[in-house]
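The sequence and model come first, and the notes follow by topic.

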Number of protein chains: 2
Amino acid sequence: MTLDDTARSPRSGGYANGRARREQILDAAMALFGEVGYRSASLREIAARSGISHPGLLHHFPTKEALLLATLERRDEIDASGMNEDGDGDDGVGLLRRLVALVELNSRRRGVVELYAALSAEATSADHPAHEYFLERYRRTIAAVSRAFALAREQGALRPGVDPALAGAQLVALMDGLQLQWLLDGRTDMPGAVRAQIESQLTVPL
Amino acid sequence: MTLDDTARSPRSGGYANGRARREQILDAAMALFGEVGYRSASLREIAARSGISHPGLLHHFPTKEALLLATLERRDEIDASGMNEDGDGDDGVGLLRRLVALVELNSRRRGVVELYAALSAEATSADHPAHEYFLERYRRTIAAVSRAFALAREQGALRPGVDPALAGAQLVALMDGLQLQWLLDGRTDMPGAVRAQIESQLTVPL
DNA sequence: CCTACCGATCGGTAGG
DNA sequence: CCTACCGATCGGTAGG
(Lines give C-alpha, C1' and ligand atoms only; values in the text may rest on other atoms or scores of the structure.)
Protein backbone atom coordinates (compact mmCIF):
# COMPACT_ATOMS: atom_id res chain seq x y z
CA MET A 1 0.00 0.00 0.00
CA THR A 2 3.06 2.23 0.13
CA LEU A 3 6.10 2.54 -2.08
CA ASP A 4 8.41 2.81 0.92
CA ASP A 5 9.75 -0.58 1.96
CA THR A 6 10.47 0.54 5.50
CA ALA A 7 6.75 1.08 5.95
CA ARG A 8 6.37 -2.73 6.07
CA SER A 9 8.58 -3.05 9.11
CA PRO A 10 7.03 -4.55 12.26
CA ARG A 11 6.47 -1.21 13.91
CA SER A 12 4.39 0.28 11.13
CA GLY A 13 0.65 0.03 10.58
CA GLY A 14 -1.04 -1.87 7.76
CA TYR A 15 -1.73 -5.62 7.57
CA ALA A 16 1.75 -6.90 6.77
CA ASN A 17 2.11 -8.38 10.23
CA GLY A 18 -1.23 -10.10 10.00
CA ARG A 19 -0.34 -11.60 6.64
CA ALA A 20 3.01 -12.87 7.90
CA ARG A 21 1.34 -14.34 10.97
CA ARG A 22 -1.27 -16.07 8.82
CA GLU A 23 1.44 -17.67 6.71
CA GLN A 24 3.32 -18.74 9.82
CA ILE A 25 0.15 -20.42 11.10
CA LEU A 26 -0.51 -22.11 7.76
CA ASP A 27 3.03 -23.48 7.65
CA ALA A 28 2.64 -24.92 11.15
CA ALA A 29 -0.79 -26.33 10.28
CA MET A 30 0.53 -27.95 7.13
CA ALA A 31 3.31 -29.62 9.11
CA LEU A 32 1.11 -30.92 11.92
CA PHE A 33 -1.75 -32.03 9.66
CA GLY A 34 0.90 -34.00 7.76
CA GLU A 35 2.34 -35.51 10.93
CA VAL A 36 -0.85 -36.68 12.62
CA GLY A 37 -3.72 -35.89 10.24
CA TYR A 38 -6.51 -33.36 10.64
CA ARG A 39 -8.56 -35.08 13.33
CA SER A 40 -5.65 -35.69 15.67
CA ALA A 41 -4.01 -32.31 15.20
CA SER A 42 -4.77 -29.79 17.94
CA LEU A 43 -5.16 -26.06 17.54
CA ARG A 44 -3.08 -25.62 20.68
CA GLU A 45 -0.09 -27.40 19.16
CA ILE A 46 -0.34 -25.46 15.91
CA ALA A 47 -0.67 -22.23 17.87
CA ALA A 48 2.34 -23.06 20.04
CA ARG A 49 4.47 -23.71 16.94
CA SER A 50 3.33 -20.34 15.59
CA GLY A 51 4.27 -18.53 18.80
CA ILE A 52 0.73 -17.51 19.74
CA SER A 53 -2.06 -18.73 22.00
CA HIS A 54 -4.78 -20.91 20.57
CA PRO A 55 -7.48 -18.26 20.91
CA GLY A 56 -5.01 -16.05 19.03
CA LEU A 57 -5.00 -18.58 16.22
CA LEU A 58 -8.80 -18.60 16.21
CA HIS A 59 -8.71 -14.87 15.64
CA HIS A 60 -7.10 -15.54 12.23
CA PHE A 61 -9.04 -18.71 11.39
CA PRO A 62 -12.42 -18.89 13.12
CA THR A 63 -12.67 -22.71 13.24
CA LYS A 64 -10.39 -25.70 12.86
CA GLU A 65 -12.16 -26.57 9.62
CA ALA A 66 -11.52 -23.09 8.21
CA LEU A 67 -7.83 -23.55 9.00
CA LEU A 68 -7.79 -26.88 7.14
CA LEU A 69 -9.39 -25.42 4.03
CA ALA A 70 -7.03 -22.44 4.07
CA THR A 71 -4.10 -24.84 4.34
CA LEU A 72 -5.26 -26.77 1.28
CA GLU A 73 -5.79 -23.57 -0.70
CA ARG A 74 -2.30 -22.39 0.13
CA ARG A 75 -0.77 -25.67 -1.04
CA ASP A 76 -2.66 -25.42 -4.31
CA GLU A 77 -1.29 -21.93 -4.93
CA ILE A 78 2.28 -23.05 -4.30
CA ASP A 79 1.90 -26.12 -6.50
CA ALA A 80 0.28 -24.15 -9.30
CA SER A 81 3.13 -21.63 -9.40
CA GLY A 82 5.67 -24.47 -9.37
CA MET A 83 4.01 -26.44 -12.17
CA ASN A 84 3.84 -23.49 -14.55
CA GLU A 85 7.43 -22.31 -14.46
CA ASP A 86 9.09 -25.08 -16.46
CA GLY A 87 9.24 -24.89 -20.23
CA ASP A 88 8.81 -28.46 -21.41
CA GLY A 89 6.16 -27.76 -23.98
CA ASP A 90 2.45 -28.35 -23.84
CA ASP A 91 2.27 -31.51 -25.92
CA GLY A 92 1.45 -34.82 -24.22
CA VAL A 93 5.02 -36.01 -23.81
CA GLY A 94 6.06 -32.59 -22.51
CA LEU A 95 3.32 -32.65 -19.88
CA LEU A 96 4.36 -36.12 -18.75
CA ARG A 97 7.97 -34.99 -18.53
CA ARG A 98 6.82 -32.11 -16.37
CA LEU A 99 5.00 -34.56 -14.12
CA VAL A 100 8.25 -36.43 -13.46
CA ALA A 101 9.88 -33.10 -12.57
CA LEU A 102 7.07 -32.46 -10.07
CA VAL A 103 7.69 -35.85 -8.45
CA GLU A 104 11.39 -34.98 -8.26
CA LEU A 105 10.48 -31.73 -6.53
CA ASN A 106 8.18 -33.53 -4.09
CA SER A 107 10.92 -35.95 -3.12
CA ARG A 108 12.68 -32.91 -1.66
CA ARG A 109 9.54 -31.69 0.16
CA ARG A 110 8.58 -34.36 2.66
CA GLY A 111 6.10 -32.04 4.39
CA VAL A 112 3.98 -31.65 1.28
CA VAL A 113 3.94 -35.37 0.63
CA GLU A 114 3.03 -36.11 4.25
CA LEU A 115 0.18 -33.64 4.11
CA TYR A 116 -1.44 -35.22 1.07
CA ALA A 117 -0.83 -38.78 2.21
CA ALA A 118 -2.40 -38.15 5.61
CA LEU A 119 -5.33 -36.07 4.40
CA SER A 120 -6.25 -38.06 1.31
CA ALA A 121 -6.58 -41.20 3.42
CA GLU A 122 -8.58 -39.40 6.11
CA ALA A 123 -10.78 -37.69 3.54
CA THR A 124 -12.11 -40.96 2.11
CA SER A 125 -14.69 -40.71 4.92
CA ALA A 126 -17.77 -39.04 3.49
CA ASP A 127 -18.13 -36.77 6.53
CA HIS A 128 -14.55 -35.46 6.47
CA PRO A 129 -14.34 -31.70 5.89
CA ALA A 130 -11.90 -32.23 2.99
CA HIS A 131 -13.90 -35.03 1.35
CA GLU A 132 -15.30 -32.86 -1.45
CA TYR A 133 -11.93 -31.20 -1.93
CA PHE A 134 -10.15 -34.49 -2.56
CA LEU A 135 -12.96 -35.91 -4.70
CA GLU A 136 -12.69 -32.90 -6.98
CA ARG A 137 -8.90 -32.88 -6.84
CA TYR A 138 -8.65 -36.51 -7.98
CA ARG A 139 -11.21 -35.96 -10.71
CA ARG A 140 -9.24 -33.02 -12.04
CA THR A 141 -5.79 -34.58 -11.67
CA ILE A 142 -6.74 -37.84 -13.36
CA ALA A 143 -8.46 -35.93 -16.15
CA ALA A 144 -5.32 -33.85 -16.73
CA VAL A 145 -2.99 -36.84 -16.83
CA SER A 146 -5.40 -38.78 -19.05
CA ARG A 147 -5.44 -35.83 -21.42
CA ALA A 148 -1.65 -35.86 -21.53
CA PHE A 149 -1.73 -39.51 -22.63
CA ALA A 150 -4.42 -38.69 -25.20
CA LEU A 151 -2.23 -35.91 -26.58
CA ALA A 152 0.71 -38.32 -26.68
CA ARG A 153 -1.41 -40.61 -28.81
CA GLU A 154 -2.02 -37.76 -31.27
CA GLN A 155 1.76 -37.34 -31.40
CA GLY A 156 2.04 -41.02 -32.25
CA ALA A 157 3.97 -41.54 -29.02
CA LEU A 158 1.49 -43.82 -27.22
CA ARG A 159 2.01 -47.55 -27.22
CA PRO A 160 -0.80 -49.29 -29.16
CA GLY A 161 -3.58 -50.72 -26.98
CA VAL A 162 -3.06 -48.24 -24.14
CA ASP A 163 -6.26 -46.53 -22.97
CA PRO A 164 -5.43 -42.91 -22.01
CA ALA A 165 -8.12 -42.74 -19.32
CA LEU A 166 -6.95 -45.96 -17.68
CA ALA A 167 -3.29 -44.95 -17.99
CA GLY A 168 -4.12 -41.65 -16.29
CA ALA A 169 -5.84 -43.28 -13.32
CA GLN A 170 -3.01 -45.81 -13.07
CA LEU A 171 -0.30 -43.16 -13.06
CA VAL A 172 -2.02 -41.10 -10.35
CA ALA A 173 -2.54 -44.24 -8.27
CA LEU A 174 1.10 -45.21 -8.73
CA MET A 175 2.25 -41.79 -7.54
CA ASP A 176 0.09 -42.00 -4.40
CA GLY A 177 1.28 -45.49 -3.56
CA LEU A 178 4.93 -44.57 -4.12
CA GLN A 179 4.54 -41.67 -1.70
CA LEU A 180 3.46 -44.11 1.01
CA GLN A 181 6.47 -46.34 0.35
CA TRP A 182 8.85 -43.38 0.31
CA LEU A 183 7.43 -41.90 3.51
CA LEU A 184 7.78 -45.29 5.19
CA ASP A 185 11.25 -46.33 4.10
CA GLY A 186 12.85 -43.08 2.92
CA ARG A 187 14.51 -45.01 0.11
CA THR A 188 11.94 -45.59 -2.62
CA ASP A 189 12.91 -43.89 -5.87
CA MET A 190 9.65 -42.14 -6.70
CA PRO A 191 10.82 -40.27 -9.82
CA GLY A 192 12.50 -43.38 -11.22
CA ALA A 193 9.40 -45.53 -10.79
CA VAL A 194 7.12 -42.85 -12.27
CA ARG A 195 9.43 -42.33 -15.24
CA ALA A 196 9.61 -46.07 -15.89
CA GLN A 197 5.82 -46.34 -15.71
CA ILE A 198 5.33 -43.54 -18.22
CA GLU A 199 7.98 -44.92 -20.56
CA SER A 200 6.32 -48.33 -20.48
CA GLN A 201 3.22 -46.67 -21.91
CA LEU A 202 5.05 -44.69 -24.61
CA THR A 203 6.96 -45.61 -27.75
CA VAL A 204 9.48 -42.80 -27.25
CA PRO A 205 11.92 -42.18 -24.39
CA LEU A 206 11.23 -39.39 -21.92
CA MET B 1 -12.14 -79.01 26.81
CA THR B 2 -15.23 -81.26 26.78
CA LEU B 3 -16.62 -83.47 24.06
CA ASP B 4 -20.17 -82.30 24.74
CA ASP B 5 -21.13 -79.46 22.42
CA THR B 6 -23.82 -78.15 24.75
CA ALA B 7 -21.05 -77.49 27.25
CA ARG B 8 -20.07 -74.50 25.04
CA SER B 9 -23.45 -72.83 25.47
CA PRO B 10 -23.51 -69.40 27.13
CA ARG B 11 -24.41 -70.78 30.52
CA SER B 12 -21.52 -73.20 30.75
CA GLY B 13 -17.97 -72.58 31.89
CA GLY B 14 -14.94 -72.54 29.65
CA TYR B 15 -13.52 -69.66 27.58
CA ALA B 16 -15.83 -69.82 24.55
CA ASN B 17 -17.61 -66.65 25.63
CA GLY B 18 -14.34 -64.82 26.11
CA ARG B 19 -13.16 -65.84 22.66
CA ALA B 20 -16.38 -64.70 21.00
CA ARG B 21 -16.25 -61.40 22.87
CA ARG B 22 -12.65 -60.84 21.79
CA GLU B 23 -13.59 -61.34 18.16
CA GLN B 24 -16.54 -59.00 18.53
CA ILE B 25 -14.19 -56.33 19.90
CA LEU B 26 -11.65 -56.91 17.13
CA ASP B 27 -14.35 -56.53 14.47
CA ALA B 28 -15.50 -53.26 16.01
CA ALA B 29 -11.91 -52.04 16.35
CA MET B 30 -11.15 -52.90 12.73
CA ALA B 31 -14.18 -50.93 11.59
CA LEU B 32 -13.49 -47.83 13.68
CA PHE B 33 -9.74 -47.79 13.01
CA GLY B 34 -10.68 -47.87 9.33
CA GLU B 35 -13.20 -45.06 9.68
CA VAL B 36 -11.12 -42.55 11.63
CA GLY B 37 -7.65 -44.07 12.05
CA TYR B 38 -5.95 -45.29 15.20
CA ARG B 39 -5.24 -41.97 16.88
CA SER B 40 -8.76 -40.61 16.53
CA ALA B 41 -10.54 -43.83 17.44
CA SER B 42 -11.72 -44.03 21.06
CA LEU B 43 -11.87 -47.11 23.22
CA ARG B 44 -15.28 -45.96 24.43
CA GLU B 45 -16.73 -46.01 20.91
CA ILE B 46 -15.26 -49.43 20.14
CA ALA B 47 -16.55 -50.73 23.47
CA ALA B 48 -20.04 -49.33 22.84
CA ARG B 49 -20.16 -51.06 19.44
CA SER B 50 -19.15 -54.29 21.18
CA GLY B 51 -21.86 -53.95 23.80
CA ILE B 52 -19.51 -53.53 26.77
CA SER B 53 -18.06 -50.72 28.85
CA HIS B 54 -14.65 -49.40 28.02
CA PRO B 55 -13.02 -50.77 31.17
CA GLY B 56 -14.60 -54.05 30.07
CA LEU B 57 -12.72 -53.77 26.80
CA LEU B 58 -9.50 -53.06 28.68
CA HIS B 59 -9.98 -56.34 30.50
CA HIS B 60 -9.51 -58.15 27.15
CA PHE B 61 -6.86 -55.81 25.71
CA PRO B 62 -4.82 -54.00 28.36
CA THR B 63 -3.98 -50.91 26.28
CA LYS B 64 -5.16 -49.22 23.10
CA GLU B 65 -1.89 -50.17 21.44
CA ALA B 66 -2.37 -53.85 22.31
CA LEU B 67 -5.81 -53.67 20.69
CA LEU B 68 -4.30 -52.20 17.52
CA LEU B 69 -1.67 -54.92 17.23
CA ALA B 70 -4.24 -57.66 17.87
CA THR B 71 -6.43 -56.15 15.14
CA LEU B 72 -3.55 -56.27 12.64
CA GLU B 73 -2.70 -59.84 13.58
CA ARG B 74 -6.28 -60.92 13.07
CA ARG B 75 -6.39 -59.34 9.61
CA ASP B 76 -3.21 -61.13 8.65
CA GLU B 77 -4.69 -64.48 9.66
CA ILE B 78 -7.82 -63.89 7.61
CA ASP B 79 -5.84 -62.75 4.57
CA ALA B 80 -3.44 -65.66 4.80
CA SER B 81 -6.26 -68.21 4.83
CA GLY B 82 -7.93 -66.44 1.90
CA MET B 83 -4.75 -66.25 -0.22
CA ASN B 84 -3.98 -69.95 0.13
CA GLU B 85 -7.29 -71.46 -0.90
CA ASP B 86 -7.19 -70.80 -4.67
CA GLY B 87 -5.48 -73.24 -6.96
CA ASP B 88 -3.88 -71.10 -9.65
CA GLY B 89 -0.47 -72.70 -9.52
CA ASP B 90 2.68 -71.45 -7.92
CA ASP B 91 4.47 -70.21 -11.01
CA GLY B 92 4.94 -66.45 -11.53
CA VAL B 93 1.92 -65.94 -13.76
CA GLY B 94 -0.23 -68.01 -11.40
CA LEU B 95 0.79 -65.89 -8.43
CA LEU B 96 0.00 -62.70 -10.32
CA ARG B 97 -3.40 -64.12 -11.30
CA ARG B 98 -4.01 -64.84 -7.64
CA LEU B 99 -3.15 -61.25 -6.80
CA VAL B 100 -5.89 -60.00 -9.12
CA ALA B 101 -8.31 -62.36 -7.37
CA LEU B 102 -7.30 -60.86 -4.03
CA VAL B 103 -8.01 -57.37 -5.36
CA GLU B 104 -11.40 -58.60 -6.55
CA LEU B 105 -12.09 -59.95 -3.08
CA ASN B 106 -11.03 -56.67 -1.47
CA SER B 107 -13.39 -54.70 -3.67
CA ARG B 108 -16.17 -56.50 -1.81
CA ARG B 109 -14.64 -55.81 1.62
CA ARG B 110 -14.59 -52.04 2.06
CA GLY B 111 -13.78 -52.36 5.77
CA VAL B 112 -10.51 -54.15 5.12
CA VAL B 113 -9.45 -51.62 2.51
CA GLU B 114 -10.36 -48.70 4.79
CA LEU B 115 -8.32 -50.20 7.60
CA TYR B 116 -5.15 -50.48 5.56
CA ALA B 117 -5.57 -47.14 3.84
CA ALA B 118 -6.06 -45.32 7.13
CA LEU B 119 -3.35 -47.11 9.09
CA SER B 120 -0.66 -47.25 6.41
CA ALA B 121 -0.86 -43.47 6.01
CA GLU B 122 -0.84 -42.89 9.77
CA ALA B 123 2.00 -45.36 10.28
CA THR B 124 4.42 -43.42 8.08
CA SER B 125 5.17 -41.47 11.28
CA ALA B 126 8.19 -43.06 12.92
CA ASP B 127 6.56 -42.94 16.35
CA HIS B 128 3.32 -44.66 15.32
CA PRO B 129 2.75 -47.99 17.10
CA ALA B 130 2.22 -49.75 13.77
CA HIS B 131 5.26 -48.19 12.06
CA GLU B 132 7.43 -51.29 12.29
CA TYR B 133 4.52 -53.51 11.31
CA PHE B 134 3.91 -51.63 8.06
CA LEU B 135 7.63 -51.29 7.26
CA GLU B 136 7.98 -55.06 7.51
CA ARG B 137 4.71 -55.67 5.71
CA TYR B 138 5.72 -53.57 2.69
CA ARG B 139 9.15 -55.16 2.58
CA ARG B 140 7.60 -58.62 2.52
CA THR B 141 4.79 -57.81 0.11
CA ILE B 142 7.03 -56.09 -2.43
CA ALA B 143 9.53 -58.94 -2.19
CA ALA B 144 6.78 -61.49 -2.87
CA VAL B 145 5.39 -59.63 -5.88
CA SER B 146 8.89 -59.00 -7.24
CA ARG B 147 9.56 -62.71 -6.94
CA ALA B 148 6.41 -63.45 -8.92
CA PHE B 149 7.70 -61.24 -11.74
CA ALA B 150 11.12 -62.92 -11.54
CA LEU B 151 9.42 -66.33 -11.84
CA ALA B 152 7.43 -65.05 -14.78
CA ARG B 153 10.70 -64.13 -16.45
CA GLU B 154 11.93 -67.71 -15.99
CA GLN B 155 8.71 -68.82 -17.70
CA GLY B 156 9.56 -66.49 -20.58
CA ALA B 157 6.40 -64.51 -19.81
CA LEU B 158 8.03 -61.21 -18.80
CA ARG B 159 8.29 -58.41 -21.30
CA PRO B 160 11.94 -57.70 -22.17
CA GLY B 161 13.49 -54.79 -20.28
CA VAL B 162 11.16 -55.11 -17.28
CA ASP B 163 12.98 -55.16 -13.92
CA PRO B 164 11.16 -57.56 -11.56
CA ALA B 165 12.06 -55.58 -8.42
CA LEU B 166 10.84 -52.31 -9.91
CA ALA B 167 7.70 -53.95 -11.31
CA GLY B 168 6.95 -55.35 -7.85
CA ALA B 169 7.24 -51.99 -6.12
CA GLN B 170 5.17 -50.38 -8.88
CA LEU B 171 2.40 -52.95 -8.63
CA VAL B 172 2.11 -52.63 -4.86
CA ALA B 173 2.10 -48.83 -5.16
CA LEU B 174 -0.58 -49.03 -7.84
CA MET B 175 -2.78 -51.18 -5.62
CA ASP B 176 -2.48 -48.75 -2.71
CA GLY B 177 -3.26 -45.75 -4.86
CA LEU B 178 -6.24 -47.46 -6.47
CA GLN B 179 -7.65 -48.20 -3.03
CA LEU B 180 -7.64 -44.49 -2.25
CA GLN B 181 -9.44 -43.69 -5.49
CA TRP B 182 -11.98 -46.46 -4.94
CA LEU B 183 -12.65 -45.43 -1.33
CA LEU B 184 -13.15 -41.86 -2.48
CA ASP B 185 -15.38 -42.34 -5.51
CA GLY B 186 -16.75 -45.88 -5.11
CA ARG B 187 -16.38 -46.35 -8.87
CA THR B 188 -12.73 -47.05 -9.63
CA ASP B 189 -12.25 -50.50 -11.15
CA MET B 190 -9.40 -51.77 -8.99
CA PRO B 191 -9.17 -55.31 -10.42
CA GLY B 192 -9.35 -54.01 -14.00
CA ALA B 193 -6.54 -51.53 -13.48
CA VAL B 194 -4.36 -54.08 -11.67
CA ARG B 195 -4.93 -56.68 -14.36
CA ALA B 196 -4.07 -54.19 -17.11
CA GLN B 197 -0.90 -53.17 -15.27
CA ILE B 198 0.26 -56.76 -14.92
CA GLU B 199 -0.56 -57.58 -18.53
CA SER B 200 1.42 -54.55 -19.71
CA GLN B 201 4.48 -56.14 -18.07
CA LEU B 202 3.88 -59.63 -19.49
CA THR B 203 4.00 -61.16 -22.95
CA VAL B 204 1.09 -63.49 -22.21
CA PRO B 205 -2.52 -62.71 -21.26
CA LEU B 206 -3.67 -63.28 -17.69
C1' DC C 1 -3.75 -10.65 20.58
C1' DC C 2 -4.17 -12.39 25.90
C1' DT C 3 -6.05 -15.10 30.33
C1' DA C 4 -9.55 -17.69 32.02
C1' DC C 5 -13.02 -20.54 31.40
C1' DC C 6 -16.87 -23.88 29.35
C1' DG C 7 -18.58 -28.75 28.60
C1' DA C 8 -17.04 -32.83 26.32
C1' DT C 9 -13.98 -36.45 25.74
C1' DC C 10 -9.68 -39.02 26.15
C1' DG C 11 -6.78 -43.56 28.02
C1' DG C 12 -6.27 -45.76 31.97
C1' DT C 13 -6.99 -47.17 37.09
C1' DA C 14 -9.36 -48.36 41.71
C1' DG C 15 -12.16 -51.26 43.77
C1' DG C 16 -15.31 -54.46 43.72
C1' DC D 1 -17.37 -57.62 33.62
C1' DC D 2 -19.36 -53.00 36.15
C1' DT D 3 -19.51 -47.88 38.28
C1' DA D 4 -16.88 -44.21 39.53
C1' DC D 5 -13.12 -41.70 39.17
C1' DC D 6 -8.22 -39.64 37.77
C1' DG D 7 -5.48 -35.97 35.24
C1' DA D 8 -4.93 -34.43 30.62
C1' DT D 9 -6.56 -32.49 26.55
C1' DC D 10 -9.94 -31.04 23.14
C1' DG D 11 -12.51 -26.93 20.16
C1' DG D 12 -14.52 -22.96 21.05
C1' DT D 13 -16.19 -18.67 23.81
C1' DA D 14 -16.26 -14.54 27.16
C1' DG D 15 -14.41 -10.53 28.13
C1' DG D 16 -11.12 -7.44 27.79
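At 1% relative accessibility, Phe134(B) counts as buried, because buried means under 20% relative accessible area, with exposed over 50% and partly exposed in between (1.4 Å probe, protein chains only). This is a predicted model, in which local features need pLDDT of at least 70 and side-chain atom pairs count only at pLDDT 80 or more, while totals for chains, interfaces and linings use all residues. Residues are numbered from 1 along each chain as its sequence is written, chains are lettered from A and ligands numbered from 1 in the order in which they are written, and side-chain values use heavy atoms, leaving out hydrogens and water.

**Aromatic residues in chain B**

- Tyr133(B) and Phe134(B) form an edge-to-face aromatic pair, with 5.1 Å from centre to centre and 85° between the planes.
- Rings of Phe, Tyr and Trp (its six-membered ring) pair if their centres lie within 6.5 Å; planes under 30 degrees apart count as stacked, over 60 as edge-to-face and the rest as tilted.
- Tyr133(B) counts as buried, at 19% relative accessibility.
- Over all chains, the count by this rule is six aromatic pairs.
- The rings of Tyr116(B) and Phe134(B) have centres 6.0 Å apart and planes at 85°, so this pair is edge-to-face.
- The pair links distant parts of the chain, 18 residues apart: Tyr116(B) is in helix 6 (residues 110-122) of chain B, and Phe134(B) is in helix 7 (residues 131-154) of chain B.
- Helices (H or I, at least four residues) and strands (E, at least two) are DSSP runs, numbered from the N terminus.
- Tyr116(B) has 10% relative accessibility and counts as buried.
- The charged end of Arg137(B) sits over the ring of Tyr116(B), 4.2 Å from the ring centre.
- A charge sits over a ring if NZ of Lys or CZ of Arg is within 6 Å of the ring centre and within 35 degrees of the ring normal.

**Aromatic residues in chain A**

- One aromatic cluster is formed by Tyr116(A), Tyr133(A) and Phe134(A).
- Arg137(A) lies over the face of Tyr116(A), 4.1 Å from the ring centre.

**Chain A as a whole**

- Chain A has nine helices and zero strands.
- The C-alpha trace of chain A spans about 65 × 45 × 30 Å along its principal axes.
- Of the 206 residues in chain A, 46% are buried.
- Among contacts in chain A between residues at least 6 apart in sequence, 62% join residues at least 24 apart, where contact means heavy atoms within 4.5 Å.

- Ser146(A) is placed in helix 7 (residues 131-154) of chain A and counts as buried, at 11% relative accessibility.
- Not counting residues up to four places away in sequence, Ser146(A) touches Pro164(A), Ala165(A), Gly168(A) and Ala169(A).
- Glu114(A) is placed in helix 6 (residues 110-122) of chain A and counts as buried, at 16% relative accessibility.
- Leaving aside neighbours within four places in sequence, Glu114(A) is in contact with Gly34(A) and Leu183(A).

**Domains of chain A**

- Chain A is divided into domain 1 (1-68) and domain 2 (86-206), with bounds that come from an automatic or database domain assignment.
- The C-alpha centres of domain 1 of chain A and domain 2 of chain A are 31 Å apart.
- Eight residues from domain 1 of chain A and ten residues from domain 2 of chain A take part in the contact.
- These two domains bury about 860 Å² between them, 67% of it on carbon and sulfur atoms.
- Buried area is the accessible area (1.4 Å probe) that two parts lose on being put together, summed over both.
- Met30(A), Gly34(A) and Arg39(A) supply 52% of the area that domain 1 of chain A buries against domain 2 of chain A, more than any other three residues.
- Between domain 1 of chain A and domain 2 of chain A there are zero salt bridges, a salt bridge being a side-chain nitrogen of Lys or Arg within 4 Å of a carboxyl oxygen of Asp or Glu.

**Interface of chain A and chain B**

- In this interface, 33 residues of chain A are in contact with 33 residues of chain B.
- The area buried between chain A and chain B is about 2,700 Å², and carbon and sulfur atoms give 64% of this area.
- Thr124(A), Gln181(A) and Leu184(A) supply 23% of the area that chain A buries against chain B, more than any other three residues.
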